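Subject: Structure for you to look at

Hello,

Here is the structure I promised to pass on. Please open it next to this email and follow along.

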Amino acid sequence: MKTYTYRTIIEPDEKGYHGFVPLLRGVHTVGRTIEETKKSLNEAIQCHLEGLIKDGIVPAQEQDTVEAIQTFTIHA
C-alpha cells in the first residue's frame, strides 16, 4: 500500500463548484456543493491513480512544488 498526497482546488463556477488536481492533468469534477465536489474529486483521484498503476505508470507526486498567492494593484 502506498500513500499519495495531492493539492486539490475547489472553486465556484456557474452551476456550483469545480474541483481539480493541478498535478494530475485531466482530473476535474463538478458538484452542487463543496462537500459533493470533494466526494466526487476523491473518487476521480482514486480512479485516476488506479488506472495509472494498472498501466504501469508511476503517479506524479507533490515534490518540489511551490505554491504562491500573489496580490496585484492596478491603477486604472
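Two notes on the basis. This is a predicted model, so local features need pLDDT of at least 70 and side-chain atom pairs count only at pLDDT 80 or more, while totals for chains, interfaces and linings use all residues. Residues are numbered from 1 along each chain as its sequence is written, and side-chain values use heavy atoms, with hydrogens and water left out.

**The sheet**

Three strands form an open sheet in the order S1-S2-S3, with antiparallel pairing. S1 and S3 are at the edges with a single partner strand each, so one side of each has no neighbour in the sheet. On average, neighbouring strands are turned by 25° against each other, direction ignored. Strands (E, at least two residues) and helices (H or I, at least four) are DSSP runs, numbered from the N terminus. Two strands pair if DSSP finds at least two bridges between them. Angles run from 0 to 180 degrees between N-to-C directions, and axes are lines fitted to C-alpha atoms, for helices over the stretch in contact.

S1 and S2 pair over five bridges, in the antiparallel sense. They form a hairpin, with two residues between them. In this pairing, Ile10 stands opposite Gly19 of S2. S2 (residues 16-20) also pairs with S3, again antiparallel, over four bridges. Here Tyr17 stands opposite Gly31 of S3. S2 is mostly covered, with four of its five residues buried. Buried means under 20% relative accessible area, exposed over 50%, and partly exposed in between (1.4 Å probe, protein chains only).

Helix H1 lies across S1, S2 and S3, and runs at about 150° to S3.

**Thr29**

Take a look at Thr29, in strand S3 (residues 28-31). Is Thr29 buried or exposed? Thr29 counts as buried, because its relative accessible area is 11%.

Beyond four places in sequence, Thr29 is in contact with Tyr17, His18, Gly19, Thr37, Ser40 and Leu41. Contact means heavy atoms within 4.5 Å. With Ser40, the Thr29 side chain makes a side-chain polar contact of 2.4 Å. A polar contact is a pair of N or O atoms within 3.5 Å; within protein, one must be able to donate a hydrogen and the other to accept it, and residues adjacent in sequence count only if both atoms are side-chain atoms.

**The nonpolar core**

The largest nonpolar core has seven residues: Tyr6, Val21, Leu24, Val27, Leu41, Ile45 and Leu49. Such a core is a set of buried Ala, Val, Leu, Ile, Met, Phe, Trp, Tyr and Cys residues joined through side-chain atoms within 4.5 Å. Leu24 touches Tyr6, Ile45, His48 and Leu49, leaving out residues up to four places away in sequence.

**Salt bridges**

How many salt bridges does the whole structure hold? The search finds three. A salt bridge is a side-chain nitrogen of Lys or Arg within 4 Å of a carboxyl oxygen of Asp or Glu.

- Arg7 and Glu67 meet through their side chains at 3.4 Å, N to O. This pair links distant parts of the chain, 60 residues apart: Arg7 is in the segment before strand S1 (9-13), and Glu67 in the segment after helix H1 (34-54). Arg7 is partly exposed at 26% relative accessibility, and Glu67 is exposed at 54%.
- Arg32 pairs with Glu36, with the closest N and O atoms 3.2 Å apart. Arg32 is exposed at 64%, while Glu36 is partly exposed at 31%.
- Lys38 pairs with Glu35, with the closest N and O atoms 3.6 Å apart. Both lie in helix H1, three residues apart, about one turn of the helix. Lys38 is partly exposed at 39%; Glu35 is exposed at 54%.

Best wishes
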